[in-house]
Amino acid sequence: MIRLYNTLRRRKENFRALEKEVRLYTCGPTVYDYAHIGNLRTYIFEDILKRTLLFNKYKVKHVMNITDVGHLVSDNDTGEDKVEKSAKEKQKSAWKIAEYYANTFKKDIRELNIKEPDIYVKATETIEEQIDLIKILEKKKYTYKIEDGIYFNTSKLKNYGQMANLKNLKKGKRISAPEKKNPADFALWKFSKPTEKRQMEWDSPWGVGFPGWHTECVVMSKKYFGIPFDIHCGGIDHLEVHHPNEIAQAEAAYGKNPAKFWLHGEFLNLKNEKMSKSKGKIITLKDLKENGFSPLAYRYLTLTAHYRSKLNFSEKALLSAENSLKRMKEKMKELSSPEEEIKHPYNDKFKEAVNDDLNTPRALAIAWKVLRDKKIEKKIKYNLLLNFDHIFGLRLKEEEKTEVPREIKKLAKEREKERKKGNYQKADKIRKEIENAGYVIKDNKKGFKIKKI
Ligand code: AMP
Ligand code: ZN
């Protein structure tokens with residue numbers, strides 16, 4: 001039995017699938033910039049959830065949206081559209097920006113060994129359905145029009161914000177716009193400004209504009225899953241605005257909460273503050289790679305904390321995760337044996353840990369206990385860890401491609417950067433430095449390879 005912490009009722013509950021196949025919807029990225037490793041922590045947690053369902057022999061259908069329109073700079077439905085703003089800054093088309101960052105996101109996902117969703121769906125692919133939902137809400141008298149758009153009247157719903165305990169929250173948390181009826185009301189359709197030509201805009205019964213961010217997920221999940229479906233996930237920041245607003249629309253339009261289980265992943269912090277663009281420094285997977293770290297070392301780091309606990313990021317913590325992963329892989333190399341399915345009490349202990357609300361720190365501790373247990377024979381150890389890796393996703397079986405020290409990898413990345421910029425002299429200097437340290441770089445079509453001399 002899998003037990004999951006359901007934010008709807010703030011307690012762990014036994015998970016039962018509604019139908020044969022578990023329907024899992026995860027709020028995806030807003031594609032205006034590279035995902036930062038905080039965002040990626042959330043996708044790793046969702047991957048562990050999916051792997052746990054698969055481990056328990058469930059079939060899973062996973063849908064993830066790509067927010068390419070409608071996510072405004074402020075959660076209060078004000079400010080610019082993030083994608084349009086990024087397009088302006090980079091002097092590219094909004095469509096191209098969205099496509100580019102959706103692709104870099106997918107690459108990050110693959111490098112972190114996150115199982116890809118069965119369906120990626122872009123918000124811009126379901127504009128018609130979003131208009132249809134707003135029409136239903138309008139007919140049921142949940143909407144009103146103000147100068148900049150059509151809004152949802154949250155005071156019409158008795159239980160608005162119940163999941164987030166919003167009643168207990170200070171209303172001031174959401175700044176009230178002068179024309180809004182209630183501070184928590186949110187935009188369903190925003191009008192294009194008469195003074196500004198948007199790149200992404202559509203005609204609608206209310207005027208030319210674009211849909212609000214909270215409408216897309218209701219429409220997309222219903223389109224692929226119907227209502228209700230099994231599990232809806234996202235980062236903890238969605239608990240206060242995005243998810244209550246999704247629930248509000250579904251309850252108003254269809255009389256139902258869209259999902260049976262709502263799961264939220266805690267933040268990755270940097271110096272005890274949520275990693276976020278608006279707070280200043282963010283770190284991307286690319287940054288980690290440029291510093292010689294492998295994406296899977298970051299994956300390992302996230303597994304050391306429970307998904308409902310905050311995780312403080314530091315280079316020291318990442319170094320330690322990298323070392324642990326390296327040691328685990330070395331042990332696997334030593335233990336290497338024929339693969340077979342085995343029965344062993346450690347398998348049950350491991351399953352118990354992950355089925356208990358995805359307790360990855362406990363699962364990792366069990367893996368180390370197995371590796372250190374002198375009474376277990378080599379072949380059993382090896383196969384136990386291979387089984388555990390269905391959850392960890394650390395590619396424990398695969399040998400490290402190169403035993404190259406991180407400093408050398410970092411230098412090689414720097415050289416590549418300089419080379420791309422046309423700074424050949426600088427690049428050559430770094431190459432010599434690498435050679436002096438006993439390594440050689442071989443360039444190829446895909447990039448480069450580092451070998452020991
Ligand atoms: P966005 O691309 O801004 O729509 O966010 C993508 C996902 O990352 C959402 O599920 C957010 O809740 C989540 N998220 C944002 N910041 C963090 C963070 N510092 N740590 C973990 N998850 C985050
Ligand atoms: Zn969403």
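1. A residue counts as near a molecule if one of its heavy atoms lies within 4 Å of it. With that in hand, and remembering that this is a predicted model, let us start at the ligand. There are 18 residues around ligand 1, and those that come nearest are T30, G38, T42, D237 and L268.

2. Three of these names return when we look at polar atoms. T30 places a polar side-chain atom 2.8 Å from an oxygen atom of ligand 1. The side chain of T42 has an N or O atom 2.7 Å from a nitrogen atom of the ligand, while L268 uses a backbone N or O atom, 2.8 Å from a nitrogen atom of ligand 1. Taken alone, the ligand exposes 500 Å², and the protein buries 94% of that.

3. Where does the largest share of the shell around ligand 1 come from? Helix α1 supplies it, with 4 residues. Both α1 (37-55) and β10 (229-235) give at least two residues to the shell.

4. Stepping back to the whole protein, you will find 14 helices and 16 strands. The radius of gyration is 24 Å, close to the 22 Å from the globule rule for 453 residues, so the protein is as compact as a globular protein of that length. Its C-alpha trace spans about 70 × 60 × 35 Å along the principal axes.

5. A few words on packing and surface. Buried residues make up 55% of the 453. Of the contacts between residues at least 6 apart in sequence, 75% join residues at least 24 apart. The accessible surface comes to about 22,500 Å², with 48% belonging to carbon and sulfur atoms.

How values were computed. Residues numbered from 1 in each chain as written. Chains lettered and ligands numbered in written order. Predicted model: local features only at pLDDT ≥ 70, side-chain atom pairs only at ≥ 80, totals over all residues. Heavy atoms only, no water. Polar contact = N/O pair within 3.5 Å; in protein donor to acceptor, adjacent residues only side chain to side chain. Areas by Shrake-Rupley, 256 points an atom, 1.4 Å probe, with all protein chains shown as cover. Rg over C-alpha atoms; globule rule 2.2 N^0.38 Å. Buried < 20%, exposed > 50% of the residue type's maximum accessible area, 1.4 Å probe, protein only. Contact = heavy atoms within 4.5 Å.
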